[in-house]
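My notes follow in the order of looking.

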Amino acid sequence: MIKVITLIMLVGLAPALLANGLVVDTQSREAVRNFFNAVYQASENIPSGWDGNIEQCQAGQLSADYLAAIALRVNFFRAMAGVPAAITFNAEYNRKAQQAALMMSANNNLSHEPPTSWLCYTEEGAQAAANSNLSLGSMGPQSITGLMEDSGTNNAAVGHRRWTLFPPTEVMGSGSVAGTDPLPATTVLWVFDNSINNPRPATREAFVSWPPSGFVPYPLVFPRWSFSYPQADFSLARVSMQQQGTPIPVTLEPLNNPGMGDNTLVWVPNISLTTPPTTDISYTVKITKVLIDGKPQEFKYTVTVINPIILGTDSIFPRVMGDKQLVVKQNYTYTFNPVPDASRYQLLQAHRQPVTQVADAENGLNPLTATVSGYEVIATDIKADGSASFHLAHPAPPSEQILLWNQTLLVNAASELRFSSRLGLSSPAQIAKVQVSTDNGQSWQDIFTQAGVQSGTTSSFGEERFNQKTIPLSKFAGQAIQVRFNYAYTCCDNFYPQTESEVGWYIDNIAFTAVEGLTDTTITDLATEPTFVFNPPQAGDYALQVRAMLFDQYPLEWGPTQLVTAQLGTTISPTNGITELPPLGSATVVNSTTQAINTAFSGGIAVNHGIFQEQATFHSTDSVEIRGEIAVESQHIGQSADIVVVVTYQSPPFFDSTPLFFMLNTASQAIPWDINMATLIPFQPKVTLAAKQPVLIYQGQLPAGNLSFYWGYRLKNGTLAYNSKPLAATITE
């Protein structure tokens, strides 16, 4: 169980926060990635608390947290679009919108002018219908995203999007009703307030586009693109697009501007973003012959589509630095690198113990938690061995079926997940997934997927036996993660709703290798300064992590884990991160504009908390720490620079083979490198160089092989200084 000290509830304080508005720099990839992962995701999976009844014409109410989540989703989109993002909800608007939502669901229809003959008709509901965006088939924050997408033949003018983003609007309201089969869910968003005729407020750019210029997460790049400009005449306007230099066909939607906020041009580019991109994709938009006050103008901007799970070269995590060998009940001061845009930080401290338990269903669900739709998860008819296995299926209506490993896990380069899997009768829309979260379950990324098999209209009966699966977890080395098994459904294809034998996904013998579990976890608030004091209360192994918070309440991913061990003993003076490291000599310099640079390096590899050495031989099960220090050239002290780390690797038994080159990103993940200085990404970007610049390169376990470690700094002018003599490690099985 996690103990939270003075932790602000994520959604509960949203109305107070939003009085100051949300702002994001869409020209910064990391700012957008963090904004999506923290703020957008904060409005996901909030219980609606709806207490009404469609059959009895009871509009009911929504929980305060759910209304706050809807407002947050609205303000997220407005901030991304560069318009004032401080929308508040009015209680009267909410009440009337709730009645309108009931009317739409009860009649399975949408109308801005509902007749009095409608079921559950009220005058207040009709008033809300006339002043609102209407959405049928979804509710709450999901509906706001649907209104922004504005799909369907009747929405070619993207009127819902335009009113959601209309700059002068200050107050809205919302109501939602959960569907009751066969009646659909509905959301009503009141968008006409007393400010819509006020003078236009300042916006980031003179126009409002969606997707906006800059970086945009791929799930929010919808088929219809739009460009709004107040009082613009688009009758002669033309749109052209290029994808990284290649022209893209576009189809203009018919103009329909009166009464829908700002005048708007809408088009559909011939692109597909239905699957997560593995690299950033840039689109250049050029709009010509836009008449502003009767004069033709041209607009050009770039939209870069990103996968918000993938880190960028500007990604920064709070990396904890300080002592590792501690004495119980003594204060130790730690520092961490600050994160741009962070308003404050949180510290996680926990005990860590090896994970040895196997989840085999023999003793029920332990150590898993199941979130399923009313069927028995423990199966005794089909199993890999023993007497039982876990079974996930898709009773109608299909939704995610989850098995969550209860404990937060700490992984390293040698960590693996192993399980037995048998995917029975299932369609291609039913997908077995294993997923990992690095942000306490706010977002999940797939590490294993397997879809059902279908040929024509006939599905195979699936696998006839269990198959052993082994999934490396090395990409998350140094991070605390959560793991879940998710039997997912991809809308809106055929599926098998049966829950009986041989239908769905069977899982058995879930186990981990080289993984530690976190226990007695405590999260505390930190101030804005990048430092904290840790006083171990008792002997044992601990994990320390820091994460940044946006707008005081929305958490980003946890930074790399600092592993420490506390022992009983005589008081020892803390080193506060100062460690004696072997000298490695002077720097090799690339692209220098001066004749001489007096930069020197020291560094070492410590095995199982031992002394630091230039060269080390150890086992893949040993715990290692790799540190470096740079004595920076005096002229460079105080300058901004990127810290870079390069690792060469030779796998056994071919120690004489040509080494592979890797560069470490900000999460200490090894990325293949082509030895091109132009593609070298930072390990720690935009660091202000100190006279003695510490570099914590790695903590944890390493796979078998030969490794060499290089590190250094790169100035803005391209000058790169790195250690001529590398640290060398030989790791055996």
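Predicted model: local features only at pLDDT ≥ 70, side-chain atom pairs only at ≥ 80, totals over all residues.

Entry 1: Two residues separate β9 from β10, and the two strands make a hairpin. In the turn I noted Gln244, with a positive phi of about 50°.

I then asked which strand pairs with β9 over six bridges. That partner is β13 (residues 281-292), again in the antiparallel sense, with β9 itself covering residues 238-243. Within this pairing I found Val239 bridged to Ile287 of β13.

**Entry 2: cis peptide bonds.** I moved on to the backbone angles. Most residues other than glycine have a negative phi, and most peptide bonds are trans. The bond from Trp210 to Pro211 is cis, with omega near 0°. Pro211 sits in the loop that links β6 (208-210) and β7 (214-217). The bond from Asn366 to Pro367 is also cis, with omega near 10°. I placed Pro367 in the loop between β18 (344-354) and β19 (368-371).

**Entry 3: positive phi.** Next I checked two non-glycine residues in loops. Asn440 has phi near 60°, and I located Asn440 in the loop between β24 (430-437) and β25 (445-451). Glu502 has phi near 75°; its loop runs between β29 (480-489) and β30 (505-526).

Are these side chains buried, partly exposed or exposed? Asn440 has a relative accessible area of 34%, so I logged Asn440 as partly exposed. For Glu502 the relative accessibility is 39%, and therefore Glu502 also counts as partly exposed.

**Entry 4: the annotated span.** I looked up the UniProt record, an unreviewed entry, which lists residues 74-178 as "domain: SCP". In the model this span is 46% helix and 13% strand. I noted 20 Å between its end C-alpha atoms.

**Entry 5: domains 2 and 3.** The chain is divided into domain 1 (29-306), domain 2 (320-354 + 519-567), domain 3 (358-517) and domain 4 (583-731). I took domains 2 and 3 as a pair. Their C-alpha centres lie 32 Å apart. The contact takes 15 residues from domain 2 and 12 residues from domain 3.

How much area do domain 2 and domain 3 bury between them? I recorded about 980 Å², with 43% of it on carbon and sulfur atoms. The salt-bridge count between these two domains is one. I also looked up Glu516, which forms a salt bridge with Arg352; the closest N and O atoms are 3.1 Å apart.

**Entry 6: a three-stranded sheet.** Last, I traced an open sheet with the order β15-β17-β31 and antiparallel pairing. Its edge strands are β15 (320-321) and β31 (531-534), each pairing on one side only. β17 (residues 332-336) pairs with β31 over four bridges. One position I checked there is Thr335, which stands opposite Thr531 in β31.

Notes. Residues numbered from 1 in each chain as written. Heavy atoms only, no water. Pairing = 2+ DSSP bridges. Buried < 20%, exposed > 50% of the residue type's maximum accessible area, 1.4 Å probe, protein only. UniProt positions renumbered as here; feature names shortened; annotations may be inferred. Domains from an automatic or database assignment. Contact = heavy atoms within 4.5 Å. Buried area = accessible area lost by both parts, 1.4 Å probe. Salt bridge = Lys/Arg side-chain N within 4 Å of Asp/Glu carboxyl O.
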